4 protein chains.
Amino acid sequence: MALSSTQAAEISAQREETTLTRREVAPALEEMLYKAFPILDHGFIRVIDYMGTDSAIVQAARVSYGKGTRKVNEDAGLINYLMRHRHTTPFEMCEIKFHIKLPIFIARQWIRHRTANVNEYSGRYSIMDKEFYIPAPEQLAAQSQSNRQGRGDTLEGAEAARVLDILKNDATQVYTHYEEMLNEDIVGNVVDESKTGLARELARMNLTLNYYTQWYWKIDLQNLMHFLSLRADSHAQYEIRVYAEKMLEIVKAWVPLTHSAFMDYRVGGAALSSKGLAIVKRMIGGEKITQEQSGLSKGEWRELMKTLELPEAA
Amino acid sequence: MALSSTQAAEISAQREETTLTRREVAPALEEMLYKAFPILDHGFIRVIDYMGTDSAIVQAARVSYGKGTRKVNEDAGLINYLMRHRHTTPFEMCEIKFHIKLPIFIARQWIRHRTANVNEYSGRYSIMDKEFYIPAPEQLAAQSQSNRQGRGDTLEGAEAARVLDILKNDATQVYTHYEEMLNEDIVGNVVDESKTGLARELARMNLTLNYYTQWYWKIDLQNLMHFLSLRADSHAQYEIRVYAEKMLEIVKAWVPLTHSAFMDYRVGGAALSSKGLAIVKRMIGGEKITQEQSGLSKGEWRELMKTLELPEAA
Amino acid sequence: MALSSTQAAEISAQREETTLTRREVAPALEEMLYKAFPILDHGFIRVIDYMGTDSAIVQAARVSYGKGTRKVNEDAGLINYLMRHRHTTPFEMCEIKFHIKLPIFIARQWIRHRTANVNEYSGRYSIMDKEFYIPAPEQLAAQSQSNRQGRGDTLEGAEAARVLDILKNDATQVYTHYEEMLNEDIVGNVVDESKTGLARELARMNLTLNYYTQWYWKIDLQNLMHFLSLRADSHAQYEIRVYAEKMLEIVKAWVPLTHSAFMDYRVGGAALSSKGLAIVKRMIGGEKITQEQSGLSKGEWRELMKTLELPEAA
Amino acid sequence: MALSSTQAAEISAQREETTLTRREVAPALEEMLYKAFPILDHGFIRVIDYMGTDSAIVQAARVSYGKGTRKVNEDAGLINYLMRHRHTTPFEMCEIKFHIKLPIFIARQWIRHRTANVNEYSGRYSIMDKEFYIPAPEQLAAQSQSNRQGRGDTLEGAEAARVLDILKNDATQVYTHYEEMLNEDIVGNVVDESKTGLARELARMNLTLNYYTQWYWKIDLQNLMHFLSLRADSHAQYEIRVYAEKMLEIVKAWVPLTHSAFMDYRVGGAALSSKGLAIVKRMIGGEKITQEQSGLSKGEWRELMKTLELPEAA
């Protein structure tokens, strides 16, 4: 990520302004506000605004006339209870707004979460920046052999070099052609007066999917946690997971009690099927069970043994 | 509305706390924060929190790195443009949270707006307050003769008195029985040790629909405007319209540029059908047109003439 | 439930009409179509329409050009995989529409599920039927002592009789007054020409919350399963659970493979917290653990032991 | 669009199967079912399933026990009334499901409509087809001078040829490199055993935005009409508008009464602002008004005159 000096100055200026408010304030999140946290080679996450803190959750759960908070351990207990019993509505009472720069192929995954508000930079209206994603060498992974939707070993040597060459050269070439078709520079001045220039809404189709886009993205805490439970997971694609992991840090600064309950009950927990639960009960009772006896498919058995940190074969 | 002294004190205490924030602040809304604005006989609206101001809308529309605002008239022009062309996503970048006390039969209309976040006081878990809505005499309207879903003239004299008696007596009686069935007082102490007491989740079914409930209700500005365009409208039931009208004042204090655009393009405007537009064009051209010639149904013609402030019959 | 003879005849007539379609058909659900399944004393559930079957789920998951189905066990395996890994979008490809009659206090819980489409009978526009819910004697439960949001023992003898009397008498009385205030009969004819009659939108506020309302309710299969996982659960209020349980039967007739996966992975399964999972691992390893050693709160420990069917104290 | 012979055969096979159903059937839509209607050079729209017809709308509006329909003109009158007064919930009672093939840059606009259900072909899991969009010569438009988000004159001659060359060559080249990086053919066989092959979820980032993707897309009629009011509009990008226009035809075959009301009240109608309405009233009264006197901005005046088919300057 390279912010222009103008952008950096705008961010600094906004960070310096403070005003008194009667609203609840999250001090550790205020410290992060507006800063651009770099993600991947040119992406970032910035927190632009937020509403509510842990106390807003207990206040809503209690439908309170005042702050609604009690002792910290009572509030933590209530938040744990709400999380455990999936009483989700109080968590919807907090809201956060991000400014995010991310590759288009990741934006396409991200946008599938429909319960957020989005304002994206428009390639119909504006000229796209010349910034594209090139994986770091350690991310140049082969197709997984066991999982059709995943990565295996890392490419190395000449093969890795060839992939990086292709990605860089093709991205560079399509942008050169994008500029040529537009016949205007980044601020909209005509380059060659003898030519017409293709409409922006058409020219953009020549860009590759690793080009960066950016958007304002606003979501409530409940739906953010749902997003994070899927996208900070080890099955998520690396290039979206790095955004989710930074967001987990931001959530920790914002609503520490909720973050702690979320890590315990969602991220670090496990969902057992009815059959899986029956097996666990028998194992606690001292039985030795094999996949063949379990009634589970091989895939289910493998997943259950992984959850329990047991060897697949006894 | 009669806040208890404890409630009033909690609200005052919360109003007195101020903290520095880096976030955008809406000064006129800060002034209103936490205050209970009385609505109907026992209801209220309180603003509990908000996110963003007019400048958050232009900032998102410009996908800005800084505040994103320019001269006030440029910002107003952009907001008018967004409203006129139904570019709705930037308006979703502002959020507001209310604490609202309202009769249950109104809550049932209100909740049909699905794009909000709601935390309602639970009659399964807690004991309902003894507060019910009795219309003011000037609101005791007869069934409309022209509109099956509306009000006509006001009831008067003995008839009005009889209605008020019924409403008060029935509401009082069902609450007395509610208390008897519960066999516990408002703070949950058993009244008659020799009896058992019905579960709260069952006893509440004996209350009438004019009993008050309360909830925390959070919504983004775009969806709030949609709510207001329907509920501040003259066709809305009076008992929900009074809430919507107070909210319009709150919106004006919060986001004055957006409020102004909303009043111009939504509330005060008109939607013409294709046929209606064709008639308007002919009228501007000097033609005299009657309902019979118009191709409109009587209902449509009446509505069009009302919109144009013209007599139904020439 | 007592359908009028007109209503019963309308239902029969609709059941008798059949037409050829190119769409996927669910034979067991066709058998149920339009029938009114009685719930509680006057309520019902009717299936009005549906879209898709199990095969629509695999077809969408495979983004297929044809039917997309393979061998039954391959389809079942895919549906199990989707359910287990929370790949929820293919389940959204099936849709079902119900006509439901239910008490208002249950309708208020129900409507909190926001992802459905709803058309409710309007008390502003029409006159409410004289039908109210009276619990069966075995449902007259006391407030639970251990769970503020639940039921305990059943009321008996004089106490039960008193509660039933109150509920019946109050519901009857408020309806008599409703009619008096309306001054019109069920088909809208004026009763007493010398009087005016209160607007329907006002008179309805005198009814108690156990009066029945009805609506058309349409939802996709994914969101229906979410509804059922909460409302067919033992923690749900009895009066909504009976509707959910009937719906589970309907889902089984409609999409049997999905129903089976749902029962295994959702309804019969369990979610373990990170701490709970750690304890399970130690127990499988042969350790004896007490609540004090567990790091869990008493409530969490009790819930975990219940899940594992172990005694709370060793 | 070139369906493979396998795909064409699958579609034919599905069209040939018919079954009896008790559900409402839309004959003209049945005729279209499963057929691939070509859009752009390689895209298509197919109707896969639907729920309800015009009669489902009146049935829900009347919360009926039977079919709920009356005489056709009564049903049409009710549908017109619902459309005019924005009683939107009955229109949500109909649902339709499409299989759509479309360029990625159009899919990115399309997905912004959040109220639909979507299952997209996965480039993480599967290999993308070699199909990309090249505009027809008459669509090679220059950037509009008056509207930053639109098209102007058509490019011609050498300039047009150059643009087409760029688009074709770059799309072809990035796909060749995509295949090379994957090191597998379309059915997943390794091409060069001495090489490893990049993970699919990474290799896809080298494709340009005019590559085609495909998805199953399901939406209710109300939200479909909202989509169409924006995307069949003259301000919409041509490449999405052609899909919307075909969908309008499909809607006409499916729910003709609703289509007619939609065309009259939404598509062909106009929204006047409060100021615009005041001007229309004065014009009907015979006044001559200029932009300077109008109180409207130049943009608003231009739009109003266009709506009224009047010259901008008197």
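## Chain contacts and a helix pair

Chain B has 42 residues in contact with 42 residues of chain C, where contact requires that the C-beta atoms of two residues, placed from the backbone, lie within 7 Å. This is a predicted model, in which local features need pLDDT of at least 70 and side-chain atom pairs count only at pLDDT 80 or more, while totals for chains, interfaces and linings use all residues. Residues are numbered from 1 along each chain as its sequence is written, and chains are lettered from A and ligands numbered from 1 in the order in which they are written.

On the side of chain B that touches chain C, at least two residues each come from α5 (104-110), β6 (141-143), α6 (157-182) and α7 (200-203); helices (H or I, at least four residues) and strands (E, at least two) are DSSP runs, numbered from the N terminus. The largest share of that side, nine residues, is supplied by α6(B).

Towards chain A, 43 residues of chain B are in contact with 43 residues of chain A. The elements of chain B that each give at least two residues to this side include α1 (5-16), β1 (19-21) and β8 (212-220), and the largest share, six residues, comes from α1(B).

| Side of chain B | Residues by class |
|---|---|
| touching chain C | 21 nonpolar, 10 polar, 11 charged residues |
| touching chain A | 18 nonpolar, 11 polar, 14 charged residues |

Strand β1 (residues 19-21) of chain A and β1(B) run antiparallel and are joined by three bridges, strands being paired if DSSP finds at least two bridges between them. Thr21(A) has Thr19(B) as its bridge partner in β1(B).

Chain B is superposed on chain A by a rotation of 180 degrees with 0.0 Å of shift along its axis (RMSD 0.0 Å), fitted by least squares on the C-alpha atoms of residues with pLDDT of at least 70 in both copies. That is the relation of a two-fold axis. The C-alpha of chain B nearest the axis belongs to Leu20(B), 2.2 Å from it.

Within chain D, the axes of helix α8 (residues 221-231) and helix α10 (residues 256-267) come within 12 Å and cross at roughly 45 degrees, the axes being lines fitted to C-alpha atoms over the stretch in contact, with angles running from 0 to 180 degrees between N-to-C directions. The contact is made by residues including Met225(D) of α8(D) and Phe262(D) of α10(D).

Note on methods. Ala, Val, Leu, Ile, Met, Phe, Trp, Tyr, Cys and Pro count as nonpolar, Asp, Glu, Lys and Arg as charged, and the others, Gly among them, as polar.
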